[in-house]
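User: I would like to go through this model and ask what stands behind the labels given to its parts. Please set each value against its cut-off.

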Amino acid sequence: MKIDIRSIRKTFGDYTALGDINLEVQSRELLALLGPSGSGKTTLLRIIAGLETADPGSGGIRFGEEDVTRRSAKDRGVGFVFQNYALFRHMTLFDNIAFGLKVRGRATRPDKSEIADRVHRLLKLVQLDGLEKRYPSQISGGQRQRVALARALAVEPKVLLLDEPFGALDAKVRKELRSWLRRLHDEIHVTSIFVTHDQEEALELADRVVIMSNGQIEQTGTPEEVYEQPANSFVFRFLGSVNAIPARVADGLVEIGTARFTAGQDQADEPAGVAFVRPHELEVVPEPAHAPVLTGTIRHIQPVGSVVRLEVLSPDSVDALEVEITRERYGQLQLKVGKTISLRPRRLQVFPPDYSI
């Protein structure tokens, strides 16, 4: 089911939550709405669901060929998974999942045996078969999330919407459920949109990512596109750690202090700008270096799992530079706090200095 969103606006008094949003979600796509708090992502999700209404005179929403702009939430054929699961504590898992089917009007309500068959199929699908007689308080947070998803799927929705689906879970369970949800989506193929502020979650799980800020869409693309080709410095900063260094671009070269590096492809001249480089793209090079380098003194060393993070003070940067290298490379270089090192950026991208996160 394709979703077409055209010129949607939403204000709350003087506050603009969404400003003229246009977005297409392809049939069977798993799309992430990603952004910081207050960016408008949950408001947009609730408007798609019919739980909120756009401003009068605003645009519309279509599911396939149907205009659903003025339809109520119950008439849109949407499955919604809330951040807090919203399970009924006094009901068993079976009754929670069956609830949306049992409350249908007589004309569209399946009979008891069909409801039971569907619930048991869904329990198996979400890997909770055999637990149908338990109550929400008797299962883990990750299992409650699966029950909430099964309940949303029970009504056979045209569209599945998830609001911060893993936000209340610990890091290990979140990672396990992300992989599980991706496999589940590949099996059921329902058009799905989920809201998250977790960059790793969006990049790992989604087919496409929509990055939002201040009620606007900053960039839309595949996880690889938004990470490798950020549209502006907001996107670059938001998608993981980044070093921001004063720079300029002239004649295809990025100038940082007295060093000159090759600019990225299609990099426009910037007489005054900010060069962005991620910590893992700063290479520590041995002395003496025969190519342009940045120099700095190691202030702090922090081993983290399979990598080692360095904090480097450089005269070419206002803030300390973050550098990330493998443990093997760290051992080869025999680095220590106070040592002066040379850094070569593998890739730089320069943006105007007036765009901040």
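Analyst: This is a predicted model.

User: What makes E3 and E8 a pair?

Analyst: Two strands pair if DSSP finds at least two bridges between them. E3 and strand E8 (residues 191–196) have five bridges, in the parallel sense, so they count as a pair. Within this pairing, Leu-30 stands opposite Ser-192 in E8.

User: How many bridges does E3 have with E9, and in what sense do the two strands pair?

Analyst: E3 and strand E9 (residues 208–213) pair over four bridges, in the parallel sense. Leu-34 has Ile-211 of E9 as its bridge partner.

User: What holds paired strands of a sheet together, in general?

Analyst: The pairing of strands in a sheet goes through backbone hydrogen bonds, and it is either parallel or antiparallel.

User: Where is the antiparallel kind found among the sheets here, and in what order do the strands come?

Analyst: An open sheet of four strands has antiparallel pairing and the order E2-E1-E4-E5.

User: Why are strand E2 (15–25) and strand E5 (66–67) called edge strands?

Analyst: Each of the two pairs on one side only, and E2 and E5 are the edge strands for that sheet.

User: How do you know that E1 and E2 pair?

Analyst: The cut-off is at least two bridges. E1 and E2 have seven, in the antiparallel sense, and therefore pass. Thr-11 has Thr-16 in E2 as its bridge partner. The hairpin of E1 and E2 has two residues between the strands, and Gly-13 takes a positive phi near 65° there.

User: Which helix lies across E1, E2 and E4, and at what angle does the helix run to E1?

Analyst: Helix H1 (residues 41–49) lies across strand E1 (3–12), E2 and E4, and runs at about 120° to E1.

User: Where is Glu-164, and what is said of its phi?

Analyst: Glu-164 lies in the loop between strand E7 (159–163) and helix H5 (171–188). Its phi is positive, about 45°, although Glu-164 is not a glycine.

User: Why is Glu-164 called buried?

Analyst: The relative accessibility of Glu-164 is 10%. Buried means under 20%, so Glu-164 counts as buried.

User: Is Asp-251 buried or exposed, and where does it lie?

Analyst: Asp-251 is in the loop between strand E11 (243–250) and strand E12 (253–256). Its relative accessibility is 73%, and the cut-off for exposed is over 50%, so Asp-251 counts as exposed. Phi of Asp-251 is near 55°, a positive value in a residue other than glycine.

User: What makes Asp-319 exposed?

Analyst: Asp-319 has a relative accessible area of 52%, and exposed means over 50%, so the label applies. Asp-319 lies in the loop between strand E17 (307–313) and strand E18 (321–326). Asp-319 and Ala-244 are 75 residues apart in sequence and 8.0 Å apart in space, C-alpha to C-alpha.

User: How many helices and strands are there in the protein chain, and what share of its residues counts as buried?

Analyst: The protein chain has nine helices and 20 strands. Of its 357 residues, 48% count as buried.

Notes:
Residues are numbered from 1 along each chain as its sequence is written. This is a predicted model: local features need pLDDT of at least 70, side-chain atom pairs count only at pLDDT 80 or more; totals for chains, interfaces and linings use all residues. Side-chain values use heavy atoms; hydrogens and water are left out. Buried means under 20% relative accessible area, exposed over 50%, partly exposed in between (1.4 Å probe, protein chains only). Contact means heavy atoms within 4.5 Å. Axes are lines fitted to C-alpha atoms, for helices over the stretch in contact, and angles run from 0 to 180 degrees between N-to-C directions.
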